[in-house]
Amino acid sequence: MTQFTSINIAQYSDAAAPVQVVFVSEELKFAAEAQAVMGSAGKVVERAAKTADFTGKKSGIMHLLAPEGLNAERLIVAGLGKVDELNEQDWVNLGGEVAGKLLALKVENAEVTIPSAATAQQAADFAQGALLRGYKFDTYRTVKKEADGDKVCELTLKVQDAAAVEPFWAEAEAVAQGTLLARTLVDEPANTLGPVEFAAKAQQLSELGVEVEILDEDKMQELGMNALLAVGQGSVRPSRLAVMQWNGGKEGDAPVAFVGKGVVFDTGGISLKPGAGMEDMKGDMGGAAAVIGLMKALAGRKAPVNAVCVLGLVENMPDGNAIRPGDIVKTMSGQTVEILNTDAEGRLVLGDALWYTQDRFAPKFMIDLATLTGACVVALGGHRAGVFSADDELAAQICQSGETTAEKMWRLPLGDEYDKMIDTPNADMRNTGGNRWGGASTAAVYLQRHTNETKWAHIDVAGTAMGSKKSAISQGWASGFGVRALSRMVKDHYEG
């Protein structure tokens, strides 16, 4: 992964970089700071804006080459629209839009003059958007790699009070770095990122003060995680459970808990998937990627909360030792499950991981993230993740944080009618509803049976973790969906 944008915060000063970026509100109203940068070039800018029909509407960008009166090679004017109507995500998106323009121009050094009317938080939000837009996964490009592919765009944000912005930027950068980690892991090919390698990524967070334990197959066997182990038994690569703890809250306080599905590659097992598009199944660990990214964000910003993150890491392959349709296994909860479809494997992994989490940590709540069902993609497309919870307050907190960060989610139903669909005469439950109807909800009620009545929510990110719609801050295949929203939820409701 190449990170194209290096970001610094500095006080207002004379223009020094060859590329200058200023902002203008609707109807071409330039703040004094922007006018100071433009100097005598202001009249040229106004004339160019009139010619280009540029009025300063939100996210509009005008680019001038060597305007007369400006001691810089380029001037980029970014529209703010109606400044008093800009929300948090608008500033993040503005950062992405400006960074996108700079990267397209292959700029190596630029200064952005943030209006003095912007708050310290808004300046940090802008910087976060620029950092996120700079992500590009090109680790394995060699011969065909662009000649300037490794260049970094050094971006300096000039503000009225750099000292006031720095703490906000430190927090925003930590969350961005967590998102970038999640993206990188989803983009990584499965031949280099197996369960053991993924667990090693979790171990690296110990450098940030995170306590990390890696459970091997023998330990999971002792614990009775037969469903999780069943998924991985067809692979030559051993399964792992990664357990991460961040103790930033009060000693003795129950933690908040997040659990991630980490199927590093999903062939479907004996219930083999169609060949077309199977290469995308390297991203079937998008839930685990978001959870480890969230832990990095919480530790990076030194969140005053106790948090636990658990990753179930397996590979689902159609080996001679693989589980078969019709097999019955006993889960860690003691319940038995009839496996009707080996491609409904994520819930088997998560069921054991959820039971382990509630049994060991007794958390305030558990939220699991998983690229779990195609049915959720059918319902919501790539625009929103599905949220399932019997707890109205928790579901509302998740969905509201998603709206704030533009990682949008939509609540979908649980209920007895779906729960009955996973009953079977041969075991305590089966791992599918028997047909494709209501598939996202029947998967969710399977998970619910492994929560032991702990406050819980399930987020199905099948349509949003990979191959989702491009945005101002995400232009690649992997989005890192969930890191920003859940970090915000924890901050707003559980830190103190």
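In the unreviewed UniProt entry, the annotation "active site" covers Lys-273 and Arg-347, and in this predicted model both Lys-273 and Arg-347 belong to the lining of the largest pocket.

Lys-273 is located in the loop that runs between β12 and α9, the latter spanning residues 286-300. When residues up to four places away in sequence are set aside, the contacts of Lys-273 are with Asp-266, Thr-267, Gly-268, Met-278, Met-281 and Asp-343. Arg-347, by contrast in its setting, is part of helix α10, which comprises residues 346-361. Arg-347 counts as buried because its relative accessibility is 9%, under the 20% cut-off. With residues up to four places away in sequence again left out, Arg-347 touches Leu-372, Thr-373, Asn-431, Thr-432, Ala-443, Tyr-446 and Leu-447.

The largest pocket itself holds about 920 Å³ of space and is lined by 36 residues, among which Lys-273, Asp-343, Thr-373, Gly-374 and Ala-375 lie nearest its centre. Two or more residues of this lining are given by each of the elements β12 (256-266), α11 (374-380) and α14 (439-448), and the largest share, 5 residues, comes from α11. Grouped by class, the residues that line the largest pocket are 14 nonpolar, 13 polar and 9 charged. Asp-343, listed with Lys-273 among the residues nearest the centre of the pocket, is also one of the residues that Lys-273 touches, while Thr-373, likewise among those nearest the centre, is one of the contacts of Arg-347.

Methods:
Residues are numbered from 1 along each chain as its sequence is written. This is a predicted model: local features need pLDDT of at least 70, side-chain atom pairs count only at pLDDT 80 or more; totals for chains, interfaces and linings use all residues. Side-chain values use heavy atoms; hydrogens and water are left out. On a 1 Å grid over the protein atoms alone, a cavity is a set of points where a 1.4 Å probe fits but cannot get out, and a pocket is an open set with protein on both sides within 12 Å along at least five of seven lines; lining residues have an atom within 4 Å of a point. Grid points are joined across faces, edges and corners, and a volume is the space filled by probe spheres set on the points. Helices (H or I, at least four residues) and strands (E, at least two) are DSSP runs, numbered from the N terminus. Ala, Val, Leu, Ile, Met, Phe, Trp, Tyr, Cys and Pro count as nonpolar, Asp, Glu, Lys and Arg as charged, and the others, Gly among them, as polar. UniProt positions are given in the numbering used here, feature names are shortened, and annotations may be inferred rather than shown by experiment. Contact means heavy atoms within 4.5 Å. Buried means under 20% relative accessible area, exposed over 50%, partly exposed in between (1.4 Å probe, protein chains only).
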